[in-house]
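Open your viewer and get ready to click around. We'll go stop by stop, and each stop tells you what to select.

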Amino acid sequence: MNPQTPATPHSNGGNPELLARITASIQDGLTVIENGRIVFINDRACEIFGRSREDLIHTTGIQLAAPEERERLEGLRHDLKNSTVTSAETDFWIVREDGTRRFVRNRYQIDRREDAPRRWFVFTTDITEHKLTMEALGASERQFREFLKYSPVGVYRTTPDGRILMANPALVRMLGYSAFEELAKRNLEGEGFEPSYPRNEFRSRIEHDGEVRGLEVAWKRKDGTVAELSENARGVREEKGK
């Protein structure tokens, strides 16, 4: 066999050359597994797993996963083998031959025809960059929440109709409440500010300028006393501009 030409899955008839060209053009990795062993793998899958076709053919594929992933994948394979589902999906880390790690998504299509070999078609996508981006966003979100938690500056978020969606501990304390849930029962359109503060002006600035800077406001505390505050605010629009 020409080492540059991928082995083709077993088939009853058809055009092997055409099948080889089709599988070579697939953007995802494609692996065909029969009776628990890899019988076909395209070039893209070899690239993703960082190994030669010779190293992959007739292996189970589980050993390509990072050590901490293998028990879970063995369990998934056992469950799929003993169920009637024909498709499944899972994400996991792999370790390439050079020791680098990649995060991949496997989508399984299982042929359960009684007159055919027990055959799995596995489509593999490298989603490492997406995984790292989401982890970075998660870390950023955690840092932001920590900032809000310990910031001495009051921070809150509302809807245009005055519902309070979020407030940090500093603002909750400023307004004399013991918990955010108490504060969230208020609606800023009707009971958030002193009557002397024109809520309409606040909304108008947000709507037309997109922000409010250094606006002197008077909030009512829980006990009825007044808190004189200086507010900075910014509006966040939906995709349609609302």
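How many residues does helix α4 have, and how far does it reach from its first C-alpha to its last? Select residues 67-81: helix α4 has 15 residues and reaches 22 Å, close to the 21 Å expected at 1.5 Å a residue (the expected span is 1.5 Å times one less than the number of residues). Helices here are DSSP runs of H or I with at least four residues, strands are runs of E with at least two, and both are numbered from the N terminus.

A quick word before moving on: this is a predicted model, where local features need pLDDT of at least 70, side-chain atom pairs count only at pLDDT 80 or more, and totals for chains, interfaces and linings use all residues. Residues are numbered from 1 along each chain as its sequence is written, and side-chain values use heavy atoms, with hydrogens and water left out.

Stay on α4 and show side chains. Glu69, Leu73 and Leu80 are buried (under 20% relative accessible area; exposed is over 50% and partly exposed is in between, with a 1.4 Å probe and protein chains only). Look down the axis: the buried residues of α4 fall within an arc of 30°, so they line one face of the helix (the arc is that of the directions from the helix axis to the C-beta atoms). On the face turned away from that buried side, you'll find the exposed residues Pro67, Glu71 and His78. The cover over the buried residues of α4 includes β3 (87-95), β4 and β5, with contact meaning heavy atoms within 4.5 Å.

Next, pick Tyr108 and Trp120. They form an edge-to-face aromatic pair, 6.0 Å centre to centre with 80° between the planes. Rings of Phe, Tyr and Trp (its six-membered ring) pair if their centres lie within 6.5 Å; planes under 30 degrees apart are stacked, over 60 edge-to-face and the rest tilted. Tyr108 is in strand β4 (residues 101-111) and Trp120 in strand β5 (residues 119-126), twelve residues apart. Both are buried.

Those two also belong to the largest nonpolar core, which has 22 residues. Such a core is a set of buried Ala, Val, Leu, Ile, Met, Phe, Trp, Tyr and Cys residues joined through side-chain atoms within 4.5 Å. Among the members touching the most others are Ile41, Phe49 and Leu80.

Last stop: Gly214, in strand β8 (residues 211-220). Gly214 counts as partly exposed, at 40% relative accessibility. Now select Asn232: its C-alpha is 5.5 Å from that of Gly214, though the two are 18 residues apart along the chain.
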